[in-house]
Every structure is written in C-alpha cells, then in structure tokens.
Amino acid sequence: MEQEGPVKREGRLTLVLALATLIAAFGSSFQYGYNVAVVNSPAEVMKAFYNETYYDRTTTYLSDFSLTLLWSISVSMFPFGGFIGSLMVGVLVNKLGRKGTLLLNNIFSIVPAILMGCSEVAKSFEMIILSRLLVGICAGELAPKNLRGALGVVPQLFITVGILVAQIFGLRNLLANEEGWTILLGVTGIPAAAQLLLLPFFPESPRYLLIQKKDSASARKALQRLRGWEDVDREMEEIRQEDEAEKAAGFISVVKLFQMRSLRWQLISVIILMGGQQLSGVNAIYYYADQIYVSAGVNTHDVQYVTVGTGAINVVVTFLAVFVVELLGRRLLILLGFSICFTACCVLTAALALQDSVSWMPYLSIACVISYVIGHALGPSPIPALFITEVFLQSSRSSAFMVGGSVHWLSNFTVGLVFPFIQVGLGPYSFIIFAVICLLTTIYTFLIVPETKAKTFMEINHIFARMNKVSEVHPEKEELTDFPPSALEQ
C-alpha cells in the first residue's frame, strides 16, 4: 500500500485544525445567540413553574409584579454574567492561555446546562437564575478582536444562527412545553461538550507560548502544526517584533483611555454605537418576541411560527451583510440600519395603538418587527464591534474592547430587566423609547462617525486627529510613533 507523503499529512492536519478552529468560533457565538433567544418561547411554561414552586414553599402565589420581576431577572442574568465575563477574559487568557481559557469556558457552559436541566426535578427556579448568570460569564468575550471587514461580521452571523436554532427548538410541539422546556435550556451545553472533544486538536497560541511562557520550542511546534510546514522562523521573528513594538508603544489602560484627548471621539463613538446597538431594543425583540407579537394581536398559536420566520430572516440578512459591508461601507450600513429601525418603531407604535380599531393592524405590526430585525442585522448588530478594531491601534484596543463590551452587556442587561415593566407602563407606546434612541444614534453617526472602509489605521487616525484637535501623531506617542509601517497598514 502506498504510504501517505508528508505534504499530504501536513495538509490534512492543517485542514483538521482549521475545521476545529471554525467549530470553536461557531460554538462560542452560537451559544451567545442561543441563550439570548432560548427563554422566549417557554416563558409562560417557566413562569407557571416559578409560581407553582413558590406556592409549594409558601402556600401562596406570586403577585403579578413579583412574577414579572423574577422573570425579568432570570432573563437579564445572562447579559449581567456577560458583563462579568468581559472583565475576566483578559486576565484568564494571560494566565491560562487561549486553550486553557477555552477549556474553563466550556466547563462553565456544561455545568449550568446540567443545572438548568435538573431545575424542575429540584423544584428550584434559583438554579435557573444562577445558571443564566454562569452561561453569561461564558459569553463575556465578544467577537474575535482583530477581524476587519467581512470577517468581522461572521461571528454575528453565527449568533443569528444560534438565535434561530433556539426559536426552532422552542416550537411548542418540540421542546417549549411542560415536558421539554428543561431540555431546551440544557441544549446550550452541547456545543460546549463538542468543543471539549475538539480541544486536543488545538495547539496553544504560539504568541502566548513565545511571549508569555518564553517557550520557543513549544511555540515553534505550535506554529508548525498550524501552518502545516516546517519553516516558521520568519513568523517567529514577526511575533517577537510585534511584541517589541507593542512594548515600545506601551499599554493604554481604561483609565488612561478616558484621559487621552487624542482618543476622545473614538471612545465616545464606541460608547454611543454600543449603547445604541443594545438600547435600541434588539434584544427586547429576542427575549420577549412572543409577548410582543401577542400584544400586537397575533394569534397565540401562530406566534411561534412568526417568531421562527423572523429568526430566519435575521440569518439571511446577516449573511448578506458579510458581503455588503465591504461594498457599501460601515457608516452607510449603520445609518441605513438605524434609520430603518427608527421608522419601524414609529410605525409599530401606531399599529399597536390602532390594532383594536383596524382589522389588518396585526399584519402591519408583524411587518414592522421584521423590518426592524432586517435594519438591525444590516448595520447596528455587526458594525459596532468591527468599528473598534478599525479605530484603535493595538496599544489601546484591548481597553477599548473592555469599555465597549461593558457598555454592550450593561445596556443589554438594562433592556432585559426593564422592558416588561415598560410594556406594562406604556402599553402600545413602549417602542417610542427605542425609536428615540435609534434617531439619536443615527444623528450622531451622521455628524461624527467617519467611514473606515478600505482605510489604513494611519488614515483613520488622521481623520480623528482633526476631530480631536491634536497633531496627526498623538502627542503622547503611545499609539503611532513606535509602530513599524506594516503594522499601521493592516
């Protein structure tokens, strides 16, 4: 029998590693999306479980306010855990490496999945709340930090797939029923288990091994496994040079980031875009989709299928955004997306207010929600995280991601916690708040945010230098002067 040659073996190994890496990236984003949407469909069954459990303990039922509060806490613990996780991830990667952090992350995902699966048997809704917090911690790291352009939108596509799968599994004749809701919650552990099985195929990060662990031999071996060839001397030297450039540039902390005039408008823009992304109401749609559609007059039996249809449209539009982001640019997609969301929220408000007097208003309400989802998927969902990678250099990017991630998760937490009470208080006018936020974000983007498509870091820096009224090279020199030209042209 003919033996397999070294080139063929190396090619096969590289293919396995690439596949494993893709599955890992998919798994993390999928879990994020799945856990955003998973509590929507079984909401009424789970609320009944909360009420019955409380009754078994106290012989009284929860008041409407208490039940709504308990449920909104259950929903919002996921983004609150995400906020905690976003603060932990940098420390964990430095201490454990990327591979060790993935391992710990997956354990954190499997344990709460088991807890949620056992919550009904244990008659404990507290287990669900705790598990949502732990799963959120696992999701605390946002999209990969150094992807530009179309690649930067791919994690958002994986998130929408997770949302859609949760909505499909959440059909009442599948798992969103009294017998299956705990399984529906526990499914989140399956991608984590798959990643644990794949981790042996992963080499540790060569950069971590070379820079953090000072282990040249292991770093070389990891690079050879990743590339599929023996000669990696040039890449090893590039890693060393990049580390030296970063050390020369210095690390800009979060506190220093807020103090630097040369990064003022970049930071403000990130805060506005991340806040606008979440406070515009997108996760209210996914957390409480069925409730929104029922309030819009959709038949209670049909609402589950409308929700799944909305999720499918979300996946398709995000897939298109992967290609459109380089064609139309970031700024136009943000402006277009938020404008569509603003219009959809305004028309939806009118439709909800008139639904009792006009028979076809429920159909208009459905069209508005779908239009909102399309608008958000075009720009507001994928672009803000991508924007950070394009306006901050390496020395300040990790701190910028920490700020942006904190705004993202805390805004997400706020919407998840307060939206049920907004619906009670404002009724059909609930979406006016989201319309105002969409409008303000659109105005800010139009006036302030520049286009970053096809521009180098140096060109983008020059744009913001004029806005910040500083010289074209930062006075503090942390960001530019010690970087080689190749680093600035990435």
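Okay, quick one: when I say contact, I mean heavy atoms within 4.5 Å. This is a predicted model, where local features need pLDDT of at least 70, side-chain atom pairs count only at pLDDT 80 or more, and totals for chains, interfaces and linings use all residues. Residues are numbered from 1 along each chain as its sequence is written, and side-chain values use heavy atoms, with hydrogens and water left out.

So, helix 18, residues 383–391, against helix 21, residues 457–467: the axes sit 9 Å apart at an angle of about 95°. Helices here are DSSP runs of H or I, at least four residues, numbered from the N terminus. Axes are lines fitted to C-alpha atoms over the stretch in contact, with angles from 0 to 180 degrees between N-to-C directions. The pair is therefore roughly perpendicular, a label that covers 65 to 115 degrees. On the helix 18 side we have F387, T389, E390 and V391, meeting F457, I460 and F464 of helix 21. By class, that contact has 5 nonpolar, 1 polar and 1 charged residues.

Next, the second largest pocket, at about 250 Å³. A pocket is an open set of points on a 1 Å grid where a 1.4 Å probe fits, with protein on both sides within 12 Å along at least five of seven lines; lining residues have an atom within 4 Å of a point. There are 17 of those, and S41, E44, R172, D290 and Q291 are closest to the centre. Helix 2 gives the most, 4 residues. Domain 1 (14–202) and domain 2 (256–484) each put in at least three, with bounds from an automatic or database domain assignment.

Skipping neighbours within four places in sequence, V45 touches A176, N177, E178 and W181. V45 and W181 are 136 residues apart along the chain, yet their C-alpha atoms are separated by 7.8 Å.

Note on methods. Helix = DSSP H or I, 4+ residues; strand = E, 2+ residues; numbered from the N terminus. Parallel < 35°, antiparallel > 145°, perpendicular 65-115°, else oblique. Nonpolar A, V, L, I, M, F, W, Y, C, P; charged D, E, K, R; others polar. Points joined across faces, edges and corners; volume = space filled by probe spheres on them.
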